[in-house]
Amino acid sequence: MTCDDFRRLISAYRDDEMEADDRRKVIEHMRSCDSCRNFAEEIDGLGDVLRKLPPAPCPPDIEQAVIEKIQAFDQHASEKKSFWNGYYRIPRGVAWAAALALALLIIEVTVNPFEHKGDEQSPSIPSESTPYVQKVVFSEYDVVYSTPVTDMHTNN
Amino acid sequence: MTQRRKDGDGCFREVFIRYKDRVYDFALKLTGDTDTAGDVTQEVFLRIYKQLTQGHRIEHPRRWLFISARNLCLNTMRNERHTTTLAEADFAATADGPESPEVMLLRKALHQLDPNDREVLILKEYQGFTYREMAAILECTIPALRSRLYEARKRLRDIYSRLCKRGANYDM
């Protein structure tokens with residue numbers, strides 16, 4: 001291992017994030033290498049000074065802004081909820097009546113069980129006195145035969 | 001208010017009280033800008049509030065907050081081409097009183113670092129995360145993180161030495 005490899009390990013050694021085997025190697029190397037020992041002391045010193053930098057506490061106006069944002073979020077959420085609550089305030093009897101009416105309407109439109117059969121156009125039965133004309137049309141080129149019923153009777 | 005919402009609200013209060021200062025401090029040290037740090041803090045806590053009150057379970061709230069804060073900071077810096085302004089960073093940090101020359105120089109050195117280097121140092125030195133937690137926040141492996149920390153420390157040491165030499169030259 002080179003000194004550069006050892007210095008990578010020294011950084012982790014300083015943070016106490018190292019396997020026992022590597023730790024032993026680093027300690028042994030630093031005993032014999034002044035340059036790596038100096039490096040370890042330098043980063044130790046820098047770490048100590050870094051930790052001296054005072055922490056910056058969250059300013060009160062930022063705290064207040066967080067609280068206000070949360071209140072605004074809550075209010076927005078409750079407004080959305082109250083929109084639906086408005087529908088829940090309809091009297092239960094009225095709601096059931098409306099639901100029943102809607103159900104009946106759907107049934108009427110789709111199934112139509114109340115439809116009167118007599119309204120359908122059924123073939124009318126000619127009476128005895130009605131002159132009956134038979135018409136058979138196959139296509140526009142076919143001959144149309146039309147024979148009055150009375151004539152048919154007279155022919156017989 | 002439903003029970004779920006009440007539980008989420010209670011959870012949020014605890015998280016907010018415990019971590020508001022640390023999230024703000026992290027965002028400020030990473031971006032060097034008080035406005036951005038404030039915006040990031042607000043957004044992060046609003047997001048976690050929504051999550052908690054909607055019944056989502058957050059296993060590691062501290063990690064969750066720092067992942068969100070870090071992503072928001074990086075996005076802001078990327079979108080606005082944000083550059084750390086030393087004056088603002090210094091102002092924020094010296095609000096409590098004068099600093100020693102070595103702390104001031106180190107602050108300058110820290111803000112001359114690339115944000116990628118700066119974030120690993122902040123997470124390790126200020127926030128005290130373990131390598132495992134940092135790897136989760138930075139979305140990298142532990143060996144990669146070890147390497148990043150080493151490189152960041154080496155570059156910080158180089159910049160700091162350069163600033164010390166320059167300072168010594170000015171003193172003379």
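This is a short tour of a predicted model, stop by stop.

Local features here need a pLDDT of at least 70 and side-chain atom pairs a pLDDT of 80 or more, while totals for chains, interfaces and linings use all residues. Residues are numbered from 1 along each chain as its sequence is written, and chains are lettered from A, ligands numbered from 1, in the order in which they are written.

**Stop 1: chain B**

Select chain B. It has 8 helices and 0 strands, where helices (H or I, at least four residues) and strands (E, at least two) are DSSP runs numbered from the N terminus. How much of chain B is buried? Of its 172 residues, 37% are buried. A residue is buried if 20 or more other C-beta atoms, placed from the backbone, lie within 10 Å of its own, exposed if 12 or fewer, and partly exposed in between.

Now consider contacts, meaning pairs of residues whose C-beta atoms, placed from the backbone, lie within 7 Å. Among the contacts in chain B with a separation of 6 or more, 69% join residues 24 or more positions apart.

**Stop 2: two helices in chain B**

Select residues 34-53 of chain B, which form α2(B), and residues 61-79, which form α3(B). Two packed helices are described by the angle between their axes and the distance between the axes. The axes of α2(B) and α3(B) come within 9 Å and cross at roughly 135°. Axes are lines fitted to C-alpha atoms, for helices over the stretch in contact, and angles run from 0 to 180 degrees between N-to-C directions. The two helices are therefore oblique to each other; angles under 35 degrees count as roughly parallel, over 145 as roughly antiparallel, 65 to 115 as roughly perpendicular and the rest as oblique.

Show the side chains next. On α2(B), the residues that meet α3(B) include V40(B), V44(B) and I48(B). On α3(B), their partners include W64(B), L65(B) and L72(B). The residues of this contact divide into 9 nonpolar, 3 polar and 2 charged. Ala, Val, Leu, Ile, Met, Phe, Trp, Tyr, Cys and Pro count as nonpolar, Asp, Glu, Lys and Arg as charged, and the others, Gly among them, as polar.

**Stop 3: where the chains touch**

Show both chains. In this interface, 31 residues of chain B are in contact with 27 residues of chain A. Which element of chain B gives the most to this side? It is α8(B), with 8 residues. By class, the side of chain B that touches chain A has 15 nonpolar, 4 polar and 12 charged residues.

For one pair, select α3(A), residues 34-52 of chain A, together with α5(B). Their axes come within 9 Å and cross at roughly 95°, which makes α3(A) roughly perpendicular to α5(B). Here L46(A), V49(A), L50(A) and K52(A) meet E102(B), V103(B) and L106(B).

**Stop 4**

Select residues 3-14 of chain A, helix α1(A). Its buried residues include F6(A), L9(A) and I10(A).

Just after α1(A), select D16(A), which takes a positive phi of about 60°. Most residues other than glycine have a negative phi. D16(A) is not a glycine. D16(A) counts as exposed because it has 9 C-beta neighbours inside 10 Å.

**Stop 5: a loop in chain B**

Select E139(B), in the loop between α7(B) and α8(B). E139(B) has a positive phi of about 55° and is not a glycine. Is E139(B) buried or exposed? E139(B) is exposed, with 10 other C-beta atoms within 10 Å.

Note on methods:
Two residues are in contact if their C-beta atoms, placed from the backbone, lie within 7 Å. The expected span of a helix is 1.5 Å times one less than its number of residues.
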